[in-house]
Amino acid sequence: GLLLKGGKEAAHSNAALHRVIGDAIESGSGGKIKRDIIALVTSRGQVADMLGLDDVIDLVIPRGSNALVSYIKANTRIPVLGHADGVCHVYVDKSAKSEDATKLIVDAKTDYPSACNAMETLLLHKDTIENMTAMNILMGLRRAGVKCLGGPRAMERGICDLPAELMKCEYGDSTCMVEVVEDVDEAIDWIHKNGSGHTEAIVCEEGADVGEEFLKRVDAACV
């Protein structure tokens, strides 16, 4: 059997997906397998109860923040298949269109800040400062209530007011780090040094060679 638990903000979607999966199981098996082989967990209390069922549950696969995964690991004897940090980067290339890049970056940070694949570090090609793309992005983030902490070069260039204490950090809230890089090579090196291999993204002009290069060279679960 299988127990599913989705986020409370998607309760209606979770219920709909549970019904669809149940329908598919019964239909695909010709009624030999009943839909109750898959159950939907809907509350945190049920999660706590579930973690105590080490005599009947074989594996727990938590998806969420590092705090969530750590909590699950610390409160059950069931084997846990979970990721560690979600230190995710977005690199903005010099070819990116300012308006599109701003919308993408703001969404990447603010749509669900505590999600494991939310943007934690913004890497800006140095030329985005001169063409004003960087300024537009940072103003968009600040209008959205995001605190932007600067890496060494971002502080030197004066695009951030507060310095970041850590170069690798999963904030899990409305905070991100901003750093300036020379080019895509330096961006990839930064990601491999400071990332967690979770989710990495590039914003560039459609069809630009740099996009394909980023996809091929970045080592992460999702690029």
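Visitor: Hi! Are E99 and K103 buried or exposed?
Guide: Hello! Both E99 and K103 are exposed. Keep in mind that this is a predicted model.

Visitor: Okay, and where do E99 and K103 lie?
Guide: You'll find both in helix α4, which covers residues 98-110. E99 and K103 are four residues apart there, about one turn of the helix.

Visitor: What do E99 and K103 form, then?
Guide: They form a salt bridge, with the closest N and O atoms 3.5 Å apart. Side chains of opposite charge can pair when their charged atoms come close.

Visitor: How many salt bridges does the count come to?
Guide: The count comes to eight. One of them joins the side chains of E120 and K109, at 3.0 Å from N to O. This pair links distant parts of the chain: E120 belongs to strand β4 (residues 119-125) and K109 to helix α4, eleven residues apart.

Visitor: And are E120 and K109 buried or exposed?
Guide: Both E120 and K109 are buried.

Visitor: Which residue does R217 meet in a salt bridge?
Guide: That would be D185, with 2.6 Å from N to O. Here too the pair links distant parts of the chain, with R217 in helix α9 (residues 209-217) and D185 in helix α8 (residues 184-194), 32 residues apart.

Visitor: Which residues are linked in a network of salt bridges?
Guide: D23, E26 and R35 are linked that way.

Visitor: New topic! Which residues make the nonpolar surface patch?
Guide: L59, I61 and L81 make it, and the patch is about 300 Å². L59 sits in the loop between α2 (44-51) and α3 (66-74). With a relative accessible area of 44%, L59 is partly exposed.

Visitor: What about K5, where is its place?
Guide: K5 is in strand β1, residues 2-5. Leaving aside residues up to four places away in sequence, K5 touches V41, T42, S43 and V47.

Visitor: Now the whole protein: how many helices and strands does it have?
Guide: It has nine helices and eight strands. The C-alpha trace spans about 65 × 35 × 30 Å along its principal axes.

Visitor: Last one: what share of the residues is buried?
Guide: Buried residues make up 38% of the 223 residues. As for the accessible surface, it comes to about 12,600 Å², and 52% of that belongs to carbon and sulfur atoms.

Technical notes: Residues numbered from 1 in each chain as written. Predicted model: local features only at pLDDT ≥ 70, side-chain atom pairs only at ≥ 80, totals over all residues. Heavy atoms only, no water. Patch = residues over 30% accessible without salt bridge, like charges linked within 9 Å, V, L, I, M, F, W, Y side chains within 5 Å. Areas by Shrake-Rupley, 256 points an atom, 1.4 Å probe, with all protein chains shown as cover. Salt bridge = Lys/Arg side-chain N within 4 Å of Asp/Glu carboxyl O. Helix = DSSP H or I, 4+ residues; strand = E, 2+ residues; numbered from the N terminus. Buried < 20%, exposed > 50% of the residue type's maximum accessible area, 1.4 Å probe, protein only. Contact = heavy atoms within 4.5 Å.
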